[in-house]
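Dear colleague,

I am passing on a structure that you have not worked with before, and below it you will find a short account of what was found in it. Please read the text with the model open beside you.

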Amino acid sequence: MIRWLKAHFSRDMIRPLIYKTFTRAVLALFAAELFHFFAPADWPVSRFSNLALILAFIFVLGAVIAWLRLDGMHIPQFKLPRMKRTDPAFLTGDMADHIDDDIVKFDDLDKEEQDVCVLLTDVILAVVCFLLALIL
């Protein structure tokens with residue numbers, strides 16, 4: 001697994017991996033807290049440790065789907081429609097220290113690199129959710 005990861009992971013994937021992991025973690029915690037807040041208190045699923053366990057299984061399922069997509073199975077990705085972001089006027093100038101740095105976004109990666117990013121994100125978040133379920 002480590003050799004496969006070294007062969008498929010590049011340095012350009014670090015930023016999209018961090019952004020995708022953070023975004024999915026915040027959305028998952030928000031959904032769990034909403035469910036915890038609105039679910040009846042006597043219902044056993046409304047405990048946060050059980051919700052973290054459910055989230056961990058959802059992330060494991062996402063990792064399996066990403067792994068199958070890397071193996072060649074055609075599973076379409078669900079992408080939400082997004083508007084293109086325009087930079088504000090104060091960001092249009094160049095910074096002298098970072099002239100040669102290229103900012104790589106998730107959409108700039110090729111299909112295989114996107115699938116590796118999604119796989120790693122889901123594995124990281126599944127481990128975090130399993131740990132939360134054990135601790136809480």
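**A helix pair and a buried serine**

L17 lies in helix α2, and please keep in mind throughout that this is a predicted model. With a relative accessible area of 13%, L17 falls under the 20% limit and therefore counts as buried. Leaving aside neighbours within four places in sequence, L17 is in contact with F9, C117, L120 and T121. The C-alpha atom of L17 is separated by 9.2 Å from that of V116, although the two residues are 99 residues apart along the chain.

Helix α2 covers residues 14–38 and helix α4 residues 111–135, and the two pack at an angle of about 40° with their axes 9 Å apart. The two helices are therefore oblique to each other, and their crossing is right-handed.

The other residue to look at is S46, which is found in the loop between α2 and α3 (48–71). S46 is buried, with a relative accessible area of 4%, and its side chain reaches the backbone oxygen of W43 at 2.7 Å. Not counting residues up to four places away in sequence, S46 touches H36, A39, P40, A41 and L51.

Methods: Residues numbered from 1 in each chain as written. Predicted model: local features only at pLDDT ≥ 70, side-chain atom pairs only at ≥ 80, totals over all residues. Heavy atoms only, no water. Axes fitted to C-alpha atoms, helices over the stretch in contact; angles between N-to-C directions. Helix = DSSP H or I, 4+ residues; strand = E, 2+ residues; numbered from the N terminus. Parallel < 35°, antiparallel > 145°, perpendicular 65-115°, else oblique. Left-handed = near helix turned anticlockwise from the far one by under 90°. Buried < 20%, exposed > 50% of the residue type's maximum accessible area, 1.4 Å probe, protein only. Polar contact = N/O pair within 3.5 Å; in protein donor to acceptor, adjacent residues only side chain to side chain. Contact = heavy atoms within 4.5 Å.
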